[in-house]
Number of protein chains: 2
Amino acid sequence: MSFPTVGVIGAGQLARMMVPPAVDLGISLSLFAGASTESGAQVAPHVVGSLADREAVLAWASHCDVVTFEHELIPQELIVAIENSGVKVFPKAESFRYSQNKLEMRRKMQELDLPNPRWQEYRGGEVELEFPLIAKSISGGYDGRGVFLIENQQQLRDFYSSINKPLLLEERLNFDYEIAIMVARSPHGQAATWAPTLTVQRDGICTQTVTPIPDISEELAQQTVQIALAIAQGIDLVGVMAVEIFVVGDHLIINELALRPHNSGHWSIEGSVTSQFEQHLRAVLDLPLGDTSLVAPYAVMGNVIGIETQKDSNLYRPYLHLMARTPALKVHQYMKELRPGRKVGHVTLLGNDLLHLRSEVSHAVDYLSGAIDE
Amino acid sequence: MSFPTVGVIGAGQLARMMVPPAVDLGISLSLFAGASTESGAQVAPHVVGSLADREAVLAWASHCDVVTFEHELIPQELIVAIENSGVKVFPKAESFRYSQNKLEMRRKMQELDLPNPRWQEYRGGEVELEFPLIAKSISGGYDGRGVFLIENQQQLRDFYSSINKPLLLEERLNFDYEIAIMVARSPHGQAATWAPTLTVQRDGICTQTVTPIPDISEELAQQTVQIALAIAQGIDLVGVMAVEIFVVGDHLIINELALRPHNSGHWSIEGSVTSQFEQHLRAVLDLPLGDTSLVAPYAVMGNVIGIETQKDSNLYRPYLHLMARTPALKVHQYMKELRPGRKVGHVTLLGNDLLHLRSEVSHAVDYLSGAIDE
């Protein structure tokens with residue numbers, strides 16, 4: 001029937017959440033998984049292999065109509081090798097590197113005249129920025145990993161010699177809050193954004209999101225959209241991308257890019273006419289993009305994160321309590337083993353009473369992660 | 001992690017549409033399929049077997065936490081055999097027979113003092129009803145199959161001797177329109193209905209649904225809900241059920257029951273906080289039921305039905321046109337081969353401009369089924 005197969009490198013929860021829209025649209029998925037037990041591999045066709053085994057990856061890719069990713073930890077050479085084998089890969093290697101290499105990302109934002117924090121590359125030597133500052137691994141970091149607060153010159157030198165790799169240094173911003181905006185773009189150049197999202201962080205990990213951002217000025221919201229669209233076009237994005245942005249007074253400063261479906265867009269599964277996962281599939285297949293309108297005044301999403309004091313590893317048990325308490329709560333269970341700091345699920349609640357939504361979502365998350373038991 | 005497995009007998013599109021909520025909730029599905037190519041079997045774990053092979057069904061069922069159905073064509077003895085093997089089956093055999101046997105259904109509605117048309121069992125002999133009348137196969141009919149308009153006594157006699165089985169005769173109603181209401185009920189006895197749905201029929205097959213019913217009186221809508229809840233309790237329903245109802249002036253007359261997710265509830269996938277498919281899983285697992293509120297003023301669903309003059313069997317080709325024309329359209333592709341009269345997909349559109357919604361849905365359906373090509 002000529003329905004396409006989308007290959008996904010990676011088989012975590014982001015691949016898992018592509019399954020519902022793929023089933024609806026009749027699109028086949030094929031995951032390249034590390035193990036059959038991974039969250040996405042549990043519910044989608046997959047092959048198991050190592051990204052180090054280039055032949056295996058190319059053999060798998062040759063059966064896909066297009067290949068995409070659900071995480072950034074994929075060697076550039078491998079993406080280029082798939083492209084060279086004649087299989088379409090989206091985002092392209094040339095675009096994807098801005099998600100993988102923070103230094104190239106900063107240079108590109110500068111070239112596009114978009115708002116960076118003050119930054120410099122560091123390979124030892126002189127520091128132009130004031131201390132304390134932020135030092136970042138140039139590649140491989142996510143969820144606050146690979147990001148370090150550096151108090152002084154001596155600490156920087158010690159840190160640099162311990163890791164022995166170039167660093168990206170950035171000014172430490174005293175930001176008011178952090179937001180994220182999802183944008184999708186197709187090979188034809190059609191682009192669409194969703195409403196900007198407030199991301200509430202704890203220890204560098206997002207715990208809750210609120211969409212749209214309460215009390216944001218129309219002007220600032222519009223600037224956010226303009227930035228997202230400018231980046232999407234500037235890096236020739238195909239697929240969906242999250243742009244994380246710091247708000248400092250009336251100014252916006254770009255923090256990070258993630259060229260894939262992103263935690264800050266999970267609210268869109270129920271909260272938007274078209275979810276980020278459906279949109280990603282449509283974009284990489286060069287189908288027209290879907291309507292990104294909200295379906296409710298507010299969508300609040302909470303991440304279920306494993307904690308140290310977990311009492312009960314049976315995450316099914318709380319279903320009875322939560323579903324009885326909040327019949328409108330949408331529960332997403334990734335079927336991953338609980339470990340401290342690990343995202344194992346999320347919940348979403350739509351409505352217009354923001355205080356109520358946020359408190360119900362907080363309760364649900366605490367209950368699911370085992371932090372409370374009532 | 002103690003997450004349950006729901007066994008589903010049948011692997012058509014209704015089983016397929018259980019996959020998205022199962023993936024979200026972390027619930028495993030296991031289908032008992034006739035073939036791996038069936039719509040649901042394409043996207044869910046399954047075993048292939050025949051319902052005539054009782055040992056195979058019981059062996060499969062023994063690995064499930066609960067067994068349910070996606071169609072009515074299942075021998076009562078088989079359901080009872082699964083129950084006797086100690087595996088939970090919902091709906092229970094005792095309830096499910098009202099979905100399978102139209103004569104028992106009529107007797108039960110009468111016992112519950114709910115509005116039947118005038119009816120009688122026919123095994124030859126005298127006819128109390130006026131001609132023309134409706135003759136129905138007592139079991140095995142669906143989608144207008146097994147329903148016959150009989151003009152006179154001679155025709156009835158000929159028909160009866162040709163099929164040589166008892167018939168259910170019903171008065172031919174001159175109804176104003178036909179509606180359906182979905183109801184869910186759990187083993188604990190918690191019940192929930194969705195808004196009643198207008199079902200637009202052509203040649204005995206539903207082509208479009210509109211939810212809620214435009215211009216229905218509050219009183220009539222309430223009566224519909226009362227009837228659905230009374231039946232659900234009266235037959236000790238567990239799972240979801242569709243109640244099809246004729247509206248004749250200010251009167252409601254029960255037409256059919258279907259004890260499973262039903263075409264007239266497909267709108268709930270996008271149109272309600274909790275879809276009929278998620279609710280069915282929650283009900284058979286005895287989880288608290290979800291919120292059945294609408295998320296938009298109107299939800300219009302259109303069935304994509306194969307036609308004789310089909311020009312192009314590639315159902316993917318129209319995606320480009322439809323998605324570009326109506327970015328908010330939600331397309332559900334069952335991945336079944338096109339055959340005249342066969343439901344191969346559906347589309348849903350939410351909004352407040354009913355005329356616009358109905359015309360866009362009609363266009364999409366005609367385009368997908370190949371009736372038009374622009």
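This is a predicted model: local features need pLDDT of at least 70, side-chain atom pairs count only at pLDDT 80 or more; totals for chains, interfaces and linings use all residues.
Which strands pair with S1(A)? Strand S2 of chain A, residues 28-33, pairs with S1(A) in the parallel sense over five bridges, and within S2(A) the residue A:Ser30 is the bridge partner of A:Gly7. Strand S4 of chain A, residues 66-69, also pairs with S1(A) in the parallel sense, in this case over four bridges, and there A:Phe69 in S4(A) stands opposite A:Ile9.

Stepping back to the whole of chain A, we find a division into domain 1 (5-89), domain 2 (118-171) and domain 3 (177-368). The C-alpha centres of domain 2 and domain 3 of chain A are 29 Å apart.

Turning to chain B, we can look at helix H10, residues 276-284, where nine of the nine residues are buried, so that this helix is largely enclosed by the rest of the structure. Among the buried residues of H10(B) are B:Phe277, B:Leu281 and B:Val284, and also B:Glu278 and B:Arg282. Just after H10(B) comes B:Asp286, which takes a positive phi of about 55°.

How are the two chains related to each other? Chain A is superposed on chain B by a rotation of 180° with 0.0 Å of shift along its axis, and the RMSD is 0.0 Å. That is the relation of a two-fold axis. In chain A, the C-alpha nearest this axis belongs to A:Pro20, at 2.2 Å from it. The same surface serves both copies, since 100% of the contact residues of chain A recur in chain B.

The contact itself takes 34 residues from chain A and 34 residues from chain B. On the side of chain A that touches chain B, helix H2 (19-25), helix H11 (318-325) and strand S17 (330-333) each supply at least two residues, and the largest share, five residues, comes from H2(A). What kinds of residue make up the side of chain A that touches chain B? The residues there divide into 23 nonpolar, seven polar and four charged.

Terms used. Residues are numbered from 1 along each chain as its sequence is written. Chains are lettered from A and ligands numbered from 1 in the order in which they are written. Domain bounds come from an automatic or database domain assignment. A residue is buried if 20 or more other C-beta atoms lie within 10 Å of its own, exposed if 12 or fewer, and partly exposed in between; C-beta atoms are placed from the backbone. Copies are superposed by least squares on the C-alpha atoms of residues with pLDDT of at least 70 in both. Two residues are in contact if their C-beta atoms, placed from the backbone, lie within 7 Å. Ala, Val, Leu, Ile, Met, Phe, Trp, Tyr, Cys and Pro count as nonpolar, Asp, Glu, Lys and Arg as charged, and the others, Gly among them, as polar. Two strands pair if DSSP finds at least two bridges between them.
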